[in-house]
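This briefing covers charged side chains and their contacts. Please look over the model before reading on.

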Amino acid sequence: MQDTIDTDAPQSEMASQAYLKQLKATFEQLPNDIALYLFTAKGHEDAFTHGNRQVVRAFRELSARITLREFDLDHELAKKYNITSSPTLLIAPERYSIRWLGAPLGEEARTFLEILILVGLGQSHLSDQSLNVIKKIDSPRNIKVFVSPTCPYCPQQAVNAVKAAVEMPEYISLEIVDIQSQPELALQYAAQSVPQAFANDVLIGQGAQPEEVFILSLQKLEPQTIFIPDSDAELVETDLVVIGGGPAGLTAGIYAVRSGLRTAVVEREALGGQVATTPIVENYPGFTSVGGKTLVDIMVSHALQYVQIFQGEAVVDVQAGNPISVLTNRRKFLTKAVLFATGATHRHLGVPGESRLSGRGVSYCSTCDGPLFRGKKVVMVGGGNSAVTEALHLFHMGVDVTLIHRRDKLRAQEFLAKQLVDNNIPVLWNTEIKEIRGEKRVEEILLKNQKTGETSPFKTDGVFIAIGYTPAVELAKKLGLEINADGYIKHDGRHRTNVPGIYSGGDVEGGYKQIVTASGQGAEAAMTIFEDLINPYWLNEN
Ligand SMILES: Cc1cc2nc3c(=O)[nH]c(=O)nc-3n(C[C@H](O)[C@H](O)[C@H](O)COP(=O)(O)OP(=O)(O)OC[C@H]3O[C@@H](n4cnc5c(N)ncnc54)[C@H](O)[C@@H]3O)c2cc1C
């Protein structure tokens, strides 16, 4: 290998000579030597063994810091490192647990170069955000990344894994598996499309993931699609704080930032709110049928294009003023406006079988799930306006519905109750559900007559529960927001509450509780906030 650049060579050759020279210099500056151990089966010279030697030789010509030792599979070191397949290349085995099953050929030469540099440096070069996440790993992770020499996306995923193994050698081991060299292993893991990454035999990534998403998947031991950066700031000054990362809050975030407002969305639990717990959504425009989690991922990815999200952070106090102060369990926000998009939760019956069969015949939303029960037999539990309206809704959809009410009189308005009679919808009075039964789906319920105390089974395909909602209004009450008779935040029709600068949107306002209506209210609220901040109505009133 020459040290000087041949100026008579054609331009492309000159460029590659310059590149090699730069690489050489890089390797010379690496603080650590890089030992490679190649294990092969005696007398078995396949293309991968040959390829391995060639690639390693090429890199060794760049630097004397790279050394290669070869061993047979029956050597004692093979036993020590538990090596059973040929060829296996160990990289700096005295410091790391990184092995290559096959050879770093084709596209994979890029990965190999990255490995050599990171191992030589003794540094992972993970981003600060990835480091924050990887530090949470406190138990072993064995990563397998399946790659192939012809896959241009594979190096990105393999390098993610290398960085993890270099950062945490005490916990993380890595096998890069060439599917052409190891077809049986690929078959065993059903890794016919590459790249695919497994950790402790759990699929954590299909395709190439951004580094932070890969590290998060590795930490959680399940595939992640979104990474939300962490912020260390103790004080954040902004125009709008949105409390709640459900459909209302996320939509408000998008609209607010697009209007030019600096906005933060704060979510204490899983992003997506109630949608995150919904198995299938079939009434959100644009999607005939979409998993709740998938819809959340799409919404969150969209919102992240605009708005900063603070996840895993509960708002614990809001103090009115100019600015308004919003305190979370991690930091303080000073802001001009606050949107309560804190949502609501369904009340549960609290009987055996209810949570196990939720989404499997137990439902809290006839608008959402009613069409699945057309031509089938269901019960609707409750005696208020919601239960009766939803029973009528199911009836008109073609569902055979029976209302179950624990008293002898409905709380619903007279005209609604009359429609039950007009449509011959049966009502079981003074009756409570004691248990919901079924193996994989709801099959029957156990009823108790309140008057006689008798219990009896009742065959049904579904149990719809409409016994009320609990809106998340504790914080709003503490702040002095007016609450309506049904327990929801009271607003002026444009989402302004009684406290200047404080707004509401979504299920916390009551009304129709749907993803599309919550999103709509979030959008409306953000637009009102924008208009109010450029022309504060509370200053114009006097
Ligand atoms: C099982 C189920 C199935 C459903 N199916 C459908 C369906 O198929 N179609 C449909 O249109 N609708 C469906 N819905 C209803 C729909 O999900 C809701 O109407 C919608 O999610 C309401 O959105 P939201 O943003 O107002 O509130 P939520 O989704 O409730 O979100 C509010 C968020 O605020 C957060 N929050 C509350 N307090 C704080 C605080 N102090 N600090 C930080 N964060 C806070 C909560 O953690 C929550 O994530 C379903 C609901 C459920 C439960």
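Arg95 is partly exposed, at a relative accessible area of 27% (buried is under 20%, exposed over 50%, partly exposed in between, with a 1.4 Å probe and protein chains only). The model is predicted, so local features need pLDDT of at least 70 and side-chain atom pairs pLDDT 80 or more, while totals for chains, interfaces and linings use all residues. Residues are numbered from 1 along each chain as its sequence is written, and side-chain values use heavy atoms, without hydrogens and water.

**Salt bridges**
- The structure holds 24 salt bridges (a side-chain nitrogen of Lys or Arg within 4 Å of a carboxyl oxygen of Asp or Glu).
- Arg95 pairs with Glu94 in a salt bridge, with the closest N and O atoms 3.5 Å apart.
- Asp74 and Lys42 form a salt bridge at 3.6 Å, N to O.
- This pair ties together parts that are 32 residues apart in sequence, because Asp74 lies in the loop between strand 2 (66-72) and helix 3 (76-80) and Lys42 in the loop between strand 1 (34-40) and helix 2 (47-60) (helices, H or I of at least four residues, and strands, E of at least two, are DSSP runs numbered from the N terminus).
- Both Asp74 and Lys42 are exposed.
- Lys490 meets Glu482 in a salt bridge at 3.4 Å, N to O.
- Lys490 is partly exposed, with a relative accessible area of 43%, and Glu482 is partly exposed at 38%.
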